[in-house]
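Visitor: I would like to learn how to read the packing in a model like this one. Please take one feature at a time.

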Amino acid sequence: MDYPLLDIFFTTMWIFLWIMWFFLLFRVFGDLFRDDTVSGWGKAGWSVFLLVLPFLGVFVYLIARGKGMGRREVQRTAEAEQEFRAYVRQTAAETTAPSSHVDELARLAELKKNGDITEDEYQRAKAKVLA
């Protein structure tokens, strides 16, 4: 077999470019269908354009809507972070220290019942609460 090193390099480069192309195409379709400002007909038109003339369609989409694409991604990230922080705050508020030993024992029994802790862990925590 005669396959020179330069051919290996070019083959690797073409495979890499092909993978990057599909990544970019999926990214554009993902942004298009997540954008609520585009109507259904607009999404259908862009989809046809992207499927019929994919190279030109992607480049035109990036030129026409690329700036908004970045803004929408930043906004989605900020919203996801806010939701995560709200979830953490809510969870932390729910798991504050119980007001009495009875509440703590009830919580431990519930954890044991759900299988979240083993019998041994339950007995150690119970002994700690009652001590």
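Visitor: Which residues does W46 touch, leaving out residues up to four places away in sequence?

Guide: A contact means heavy atoms within 4.5 Å. With those sequence neighbours left out, W46 touches L32, G57, V60, Y61, A64 and R65. This is a predicted model, where local features need pLDDT of at least 70, side-chain atom pairs count only at pLDDT 80 or more, and totals for chains, interfaces and linings use all residues. Residues are numbered from 1 along each chain as its sequence is written, and side-chain values use heavy atoms, with hydrogens and water left out.

Visitor: Which residues make up the largest nonpolar core?

Guide: Such a core is a set of buried Ala, Val, Leu, Ile, Met, Phe, Trp, Tyr and Cys residues joined through side-chain atoms within 4.5 Å. Buried means under 20% relative accessible area, exposed over 50%, and partly exposed in between, with a 1.4 Å probe and protein chains only. Here the largest core has 11 residues: W21, L25, V28, F29, L32, V38, W46, L50, V58, Y61 and M69. At least two of its residues come from each of α1 (5-34), α2 (40-52) and α3 (54-94), and α1 gives the largest share, 5 residues. Helices are DSSP runs (H or I, at least four residues), numbered from the N terminus.

Visitor: How do α2 and α3 pack?

Guide: Two packed helices are described by the angle between their axes and the distance between the axes. Axes are lines fitted to C-alpha atoms, for helices over the stretch in contact, and angles run from 0 to 180 degrees between N-to-C directions. For α2 and α3 the angle is about 135 degrees and the axes are 5 Å apart. The pair is therefore oblique; angles under 35 degrees count as roughly parallel, over 145 as roughly antiparallel, 65 to 115 as roughly perpendicular, and the rest as oblique. On the α2 side W46, F49, L50, L51 and V52 meet P54, L56, G57, V58, V60, Y61, A64 and R65 of α3.

Visitor: At what angle do the axes of α1 and α3 cross?

Guide: They cross at roughly 60 degrees and come within 9 Å, so α1 and α3 are oblique to each other. Among the residues in contact are W21, L25 and R34 of α1 and F55, M69 and R76 of α3.

Visitor: Is F10 buried, exposed or partly exposed?

Guide: F10 lies in helix α1 and has 36% relative accessibility, so F10 counts as partly exposed.
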